[in-house]
Amino acid sequence: MALEDNVKRLVSEVTRLNREAGVEVDPNVIAYMACLKEVEKAWEEVTGGASITSGPFEPPLIAKLGALLSSELRATSSPYLAAAKLQVMMEVEFKRQRAAVDVETEEHAESADMLARSIISTPSTRSTTVAQSERLHRQVVEYVCVKSRLGPAIADETAREEVRAAVESVFPLSALARFLTLGEAERTHQIEELARICLGICLYNRHTGQGGYALPPASSSYVPQAQRLARDLTRHSVDALADVRLLSAYQVGHDAPGASPEDAAAARARAGAEALACAQALSTLQQLSADLAAGLDAAQQLEEETQHVLEVVSAEVGSSAAVQKDAVFPLFERAGKLHVALGEELRLLVVRQRLFDAASSLLGGYDAMVPRAGSISVNGKKTTLKPSPAARALTVASVAERAADDAAAAAPPPDWPPPVPDGLEFVAVPASEGDADLLHMLQGLSLGGFCPVALAKSGLLRPAAPSVGLLREHASGQLLGFFSAAALAEYAAGYSSEGAASSARAGATDSTAADGAGAATESVAVDEEGGAEGGTEAGAASAQAVGGSSGGGGGGVLSRRLDEVVLERPLLWRLLGRSDELHPALSLQAVVDAMSGPLKVDFASQTPTHFVEKHIDYTYEWNEWALRRRALALANLRQKRTHSTQTAQSHYKRDGDTQVWLPKAATVQTCVDKGQAMPKKLQYVQGLRGAPATKMHVVRLELDLGQPHQH
């Protein structure tokens, strides 16, 4: 209770500080980072040795711890923060998706139960009319559609008619009278069985190519999506595995010429933090990949069994016009059950796609020491991505040299396999045929597929090489892999069945049994190459520290040493699958559950006690950041200038005069005033009257009067 209370108060304080700084951080990340810092004992100097699990902290101490945690959460390129965020936010996403699936399942069950109650509660009376019986039969058809998840049958008339015909063939309208005489328990059993049988009939119709309109898309439509998701998971996993190998090589690399020891040590620490982040990404992707593979196998098995049942029904029906109900109804019901289970698996495929999208958005988030790509295009020009200054402080071998060294380390000697003591079993594994095959082998190994010897001796995350062989512990059931043959031989040489049994009994938190073995582990020299000759004194001492002496305590020493490494680097507990009982603060589920409720953040507000107008300043601002914003606005206002524009439509707003020059009254006199007229032509007829001897004549005259030459 003290842990939850202190964590919530820290989250409230950090949220307030981040909000004032304009930074948004998820409360789950804040709470998990607080728990990690508690496990690391990073706050002992501030708290005076007090723990957040011991009792409630005072407000001044909460303020100090909140300020420290807020500064760490604002780091822009922190692989430590990226790994922590990936762990806790994937747990939140898992919980969110589980809740969404549960809500959808509950809503579907509630809808089906509501229809079932309506059918079951119908009373049995002799006065039941035909209309009432038909209405009840339609309710039965609707129940079958909802219960069997036949969504198209609810909206499409053709699909609904197919379901109605299936119900009619099993439960005709004439059977309602007998159905209403049954008890509620028997009615419930019969309508549930009816839904499964009708679903099987629809499946048979689709199988024969004569229907199936009410069914959702077949499972074959989901296969391309699942295959694409599997390819994406494999591609990201291969990249993460390559990054872990490269960063492990940097951790054991030599100091670069001219680099100071401090820079080289800082580079190794950075490489270790990035290796942990990449290993966590690899573990998350591997979990999703294994879950997807299991889901696809289950879906394929259900699909094959459904097809087998439908083939049996086809053989039973054949070309017969009628068959015995007792022969085919159990088969239809079996097919319906299998299809319901197949539908659940296909629904989970959508959930897995959402989880992968969430994981993809959380990958990275920091500047890598060594960029994966060789070059990128910036504004149409190729720009080579160079290692960071931290990476240039160390020298590592080339890719080919590292591959050759790994192959040489994984090559077993002639006298392989080595003798293993009681309690261990050597498991031979064929060589992998590429990184994709290697990733598939690593999925079933304990400790996330990393070598326990490298972890116990130097804290290095070295991926196991299954081709060397595996060791199975009978006491704990763990299947361990090793990155080299020498590491496997070293572990087997120092193991004893008595030590494994004591480890299984003592557990990870038995500090009393660790007193005798702690001194041995302190003097272990870190062998960065992982090889130790079993015949030398150094090899014997190292084997005793890792696996324990032959007299007993072997398994317990390794387990305790791994627990010590986890407590030093608490992000490893999730990666290695160690027990959360190592420390009370190591529980992701507890953190997520504590943050799922409402979070209270303290903010002050003040109201006047006596409403006296002259003593109240309504423009008072208590928030310092609001005052700063106001000051910035005023400072920005000083840089402004007032501009105005006069338009033709706005002239009435000003008082103005306009002066123009009027035209003058003046005439112009010419020297000569002349005119001109055209000759006037006339024509008339003469001789139309008079004596008979008079003749007609046409007289034409052309009068040219008033010409200029006449003046």
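A residue counts as buried under 20% relative accessible area, as exposed over 50%, and as partly exposed in between. Glu 40, at 26% relative accessibility, therefore counts as partly exposed. The structure described here is a predicted model.

## Salt bridges

Side chains of opposite charge can pair when their charged atoms come close. A search of the whole structure finds 26 salt bridges.

| Pair | Closest N to O distance |
|---|---|
| Glu 40 and Lys 37 | 3.7 Å |
| Glu 333 and Arg 196 | 2.9 Å |

Glu 40 forms a salt bridge with Lys 37. Because these two residues are three residues apart in helix H2 (residues 27-40), about one helical turn separates them.

The salt bridge between Glu 333 and Arg 196 has its closest N and O atoms 2.9 Å apart. This pair links distant parts of the chain, with Glu 333 in helix H13 and Arg 196 in helix H10, 137 residues apart. Glu 333 counts as buried because its relative accessibility is 14%, whereas Arg 196 is partly exposed at 21%.

Glu 274 is buried, with a relative accessible area of 2%, and Arg 270 is partly exposed, with 22%.

Salt bridges can also join into a network: Glu 104, Arg 149, Glu 344 and Arg 347 are linked in this way.

## Backbone

Most residues other than glycine have a negative phi, and most peptide bonds are trans.

Arg 149, a member of the salt-bridge network, has a positive phi, near 55°. Arg 149 is placed in the loop between helix H6 (130-147) and helix H7 (152-155). With a relative accessibility of 29%, Arg 149 counts as partly exposed.

Leu 447 has a positive phi as well, near 60°. Its place is in the loop between helix H15 (435-442) and helix H16 (452-458). At 4% relative accessibility, Leu 447 counts as buried.

Which form does the peptide bond from Trp 416 to Pro 417 take, cis or trans? The bond is cis, with omega near 0°. Pro 417 lies in the loop between helix H14 (399-410) and strand S5 (424-427).

The largest pocket holds about 1000 Å³ of space. Its lining consists of 33 residues, and Arg 402, Ala 403, Asp 405, Asp 406 and Arg 462 lie nearest its centre. Helix H11 (223-251) and H14 are the elements that give two or more residues to this lining. H14 gives the most, with nine residues. By class, the lining of the largest pocket has 19 nonpolar, six polar and eight charged residues.

The second largest pocket has a volume of about 650 Å³. Of the 32 residues that line this pocket, Ser 148, Arg 149, His 339, Val 340 and Gly 343 lie nearest its centre. H5, helix H10 (184-207), H12 and H13 each supply at least two residues of the lining. The most come from H13, with nine residues. The lining of the second largest pocket divides into 13 nonpolar, nine polar and 10 charged residues.

## Cavities

How many cavities of 30 Å³ or more does the structure hold? There are three. The largest cavity has a volume of about 90 Å³. Among the residues that line the largest cavity are Leu 86, Phe 94, Gln 280, Thr 284 and Arg 574. Helix H5 (79-120), helix H12 (261-317) and helix H22 (572-576) each supply at least two residues of this lining. The largest share, five residues, comes from H5. The residues of the lining divide into four nonpolar, five polar and two charged.

Arg 352 is found in helix H13 (residues 325-362) and is buried, with a relative accessible area of 8%. Leaving aside neighbours within four places in sequence, Arg 352 is in contact with Leu 229, Asp 291, Leu 292, Gly 295 and Glu 345.

Arg 560 lies in helix H21 (residues 554-568) and counts as buried, at 14% relative accessibility. Arg 560 and Ala 456 are 104 residues apart in sequence, and their C-alpha atoms are 9.2 Å apart in space.

Terms used: Residues numbered from 1 in each chain as written. Predicted model: local features only at pLDDT ≥ 70, side-chain atom pairs only at ≥ 80, totals over all residues. Heavy atoms only, no water. Helix = DSSP H or I, 4+ residues; strand = E, 2+ residues; numbered from the N terminus. Buried < 20%, exposed > 50% of the residue type's maximum accessible area, 1.4 Å probe, protein only. 1 Å grid on protein atoms, 1.4 Å probe; cavity = no way out; pocket = protein on both sides within 12 Å on 5 of 7 lines; lining within 4 Å. Points joined across faces, edges and corners; volume = space filled by probe spheres on them. Nonpolar A, V, L, I, M, F, W, Y, C, P; charged D, E, K, R; others polar. Contact = heavy atoms within 4.5 Å. Salt bridge = Lys/Arg side-chain N within 4 Å of Asp/Glu carboxyl O.
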